[in-house]
Amino acid sequence: MVEPEMAFADLTSAMDNAEAMLKSVVGEVLEKCDEDLEFFMKFFDKGLKDRLQKLANKPFVRVSYREAIGYLQEEIAKDPTKWQFPEVEFGTDLATEHERWLAETKFESAVFVYNYPKKIKAFYMRDNDEDGGETVNAMDLLVPGVGELVGGSQREERLDVLIEKMKELDLNVEDYWWYLDLRRFGSVPHSGYGLGFERLVTYVCGIENIRDAIAFPRYPGNAEF
């Protein structure tokens with residue numbers, strides 16, 4: 001997992017950073033690894049290079065969670081039998097089939113979904129002031145062929161708000177003294193995200209099974225524990 005954490009950064013800054021990083025990585029692959037891409041196109045994904053060029057050159061779509069739910073409800077209503085999880089409403093934790101439809105069919109692009117409902121996200125994510133805290137400043141980056149590739153948020157830097165949120169979730173505040181001290185003695189707006197490295201390798205190489213992207217040998221009987 002690649003996990004940058006940035007001071008003086010809001011959610012938009014985190015999305016900008018994640019987009020720039022992915023465009024940089026994919027751009028380097030396109031420039032320097034053509035022989036490898038030709039191999040993967042031959043055996044795994046004939047449209048791999050076109051897909052990567054599109055990601056490197058096209059701005060990522062940004063859509064709120066509320067808007068994404070509306071698009072999904074409209075599409076699912078056409079034929080619910082095509083979906084494994086047809087029940088979608090505000091507060092639903094999106095499944096892979098929902099994420100991939102948004103990236104592969106609706107937008108045909110990498111997509112940031114942002115401002116998720118507070119109740120399905122972690123306590124340390126900053127409440128969204130625009131809707132009175134119904135949502136939090138969180139985002140997921142969805143890409144064609146994989147689904148979620150990046151997940152992140154603006155962190156809650158306000159000590160009093162953070163403590164109240166912990167109490168609402170019946171978390172023992174004393175257990176988190178070390179975390180609260182990071183705010184108690186002064187803090188700044190900050191954001192971060194996590195990038196699944198093996199998922200990135202899967203996406204860039206055009207392979208389907210994430211187990212084939214893990215950089216350690218895997219074979220029956222080799223696990224020591």
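**Strands and helices, term by term**

Q: What makes S5 and S6 a pair?
A: Strand S5 (residues 147-154) and strand S6 (residues 190-195) share five bridges in the antiparallel sense. Two strands pair if DSSP finds at least two bridges between them, so S5 and S6, with five bridges, qualify. Along this pair, Gln154 stands opposite Ser191 in S6. The model is a predicted one, where local features need pLDDT of at least 70, side-chain atom pairs count only at pLDDT 80 or more, and totals for chains, interfaces and linings use all residues. Residues are numbered from 1 along each chain as its sequence is written, and side-chain values use heavy atoms, leaving out hydrogens and water.

Q: Why are S1 and S2 at the edges of the sheet?
A: The open sheet has six strands in the order S1-S6-S5-S4-S3-S2, with mixed pairing. Strand S1 (5-7) and strand S2 (61-64) each have a single partner strand, so one side of each has no neighbour in the sheet.

Q: Why are H6 and H7 called roughly antiparallel?
A: The axes of helix H6 (residues 159-168) and helix H7 (residues 177-184) cross at roughly 155 degrees and come within 9 Å. Angles over 145 degrees count as roughly antiparallel, so H6 and H7 are roughly antiparallel to each other.

Q: Which residues of H6 and H7 meet?
A: Leu159, Leu162, Ile163 and Met166 in H6 meet Tyr179, Leu180, Arg183 and Arg184 in H7, where contact means heavy atoms within 4.5 Å. These residues divide into six nonpolar, no polar and two charged.

Methods
Helices (H or I, at least four residues) and strands (E, at least two) are DSSP runs, numbered from the N terminus. Axes are lines fitted to C-alpha atoms, for helices over the stretch in contact, and angles run from 0 to 180 degrees between N-to-C directions. Angles under 35 degrees count as roughly parallel, over 145 as roughly antiparallel, 65 to 115 as roughly perpendicular and the rest as oblique. Ala, Val, Leu, Ile, Met, Phe, Trp, Tyr, Cys and Pro count as nonpolar, Asp, Glu, Lys and Arg as charged, and the others, Gly among them, as polar.
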